[in-house]
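Please find below a colleague's note on the model under review. The sequence and structure are shown first.

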Amino acid sequence: MGTVIDSHFLALTAIVTVGYQLLFFVITALFKFDKVTDFAGSTNFIIIALLTLILKGSWHFRQVVLTFLAVVWGLRLALFLLMRILNWGEDRRFDEMRSNLGKLAIFWIFQAVWVWTVSLPVTVVNASDRDPSVQAVDVIGWIMWSVGVSIEAIADQQKLSFKNSPENRGKWCNVGFWKYSRHPNYFGEVGPSLLLNVTTS
């Protein structure tokens, strides 16, 4: 289908990201409603991955696989974070920001930059005309993605179960993966991140 604005979709994805995050920022600022913040960030990854794949229209195998994995990761994260905040009813990160428009705006700006930057490998791969055959490094990347997402998902569920238990109120989570790392879900992010790096090589 050709390209839009620029040959690598960099400007397009920046505009889409800023517009999408701006929409949710306005909702948050007007209604003091911060339950969709993480959902907005996670789903933005999905939008960029699908948009660049569809607009390029080459549907190379590596592009399809990378987009699929990015969508699965983003969808799992978005749904988990949305259900968690709906269950907890509040996001303490925004206690000081709800009445301070400047601080709230800065947070959303950083979220937009974060989404666009982290999505760059997917954007670059989907905008490329190259169609290399599957290499061993691709398979290694897919395995690392599987391990990483599994660790992230299990760790998230372990912490959620721990936090939802009344006897653990106010305690630091020290069970499961969390017993060995303060942020095992972030450790799990290494898999998807390395996948993005190896697929652009």
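1. Basis of the note. This is a predicted model, in which local features need pLDDT of at least 70 and side-chain atom pairs count only at pLDDT 80 or more, while totals for chains, interfaces and linings use all residues. Residues are numbered from 1 along each chain as its sequence is written, and side-chain values use heavy atoms, with hydrogens and water left out.

2. Confidence. The average pLDDT (the predictor's confidence in each residue, from 0 to 100) is 85 for the protein, and 86% of the residues score at least 70. Helices here are DSSP runs (H or I, at least four residues), as strands are (E, at least two), numbered from the N terminus.

3. Helix H6. Residues 136–164 form this helix of 29 residues, and the distance from its first C-alpha to its last is 42 Å, close to the 42 Å expected at 1.5 Å a residue. The expected span is 1.5 Å times one less than the number of residues. Its buried residues (under 20% relative accessible area, with exposed over 50% and partly exposed in between; 1.4 Å probe, protein chains only) include Trp145, Ile151, Leu160 and Phe162, and also the acidic Asp138, Glu152 and Asp156.

4. Salt bridges. The whole structure holds 4 salt bridges, each a side-chain nitrogen of Lys or Arg within 4 Å of a carboxyl oxygen of Asp or Glu. One of them joins aspartate 138 to arginine 62 at 3.0 Å, N to O. This pair links helix H6 to helix H3 (residues 61–88), across 76 residues. Both aspartate 138 and arginine 62 are buried.

5. Arginine 76 and glutamate 152 meet in a salt bridge at 3.0 Å, N to O. Because arginine 76 lies in helix H3 and glutamate 152 in helix H6, the pair ties together parts 76 residues apart in sequence. Aspartate 156 also forms a salt bridge with arginine 76, the closest N and O atoms being 2.8 Å apart. Shared partners join Arg76, Glu152 and Asp156 into one network. Arginine 76 and glutamate 152 are buried, and aspartate 156 is buried too.

6. Record annotations. An unreviewed UniProt entry places "transmembrane region" at residues 12–31, 43–59, 65–83 and 104–124; positions follow the numbering used here, feature names are shortened, and annotations may be inferred rather than shown by experiment. In the model, residues 43–59 are 82% helix and 0% strand, with end C-alpha atoms 21 Å apart. Residues 65–83 are 100% helix and 0% strand, with end C-alpha atoms 27 Å apart.
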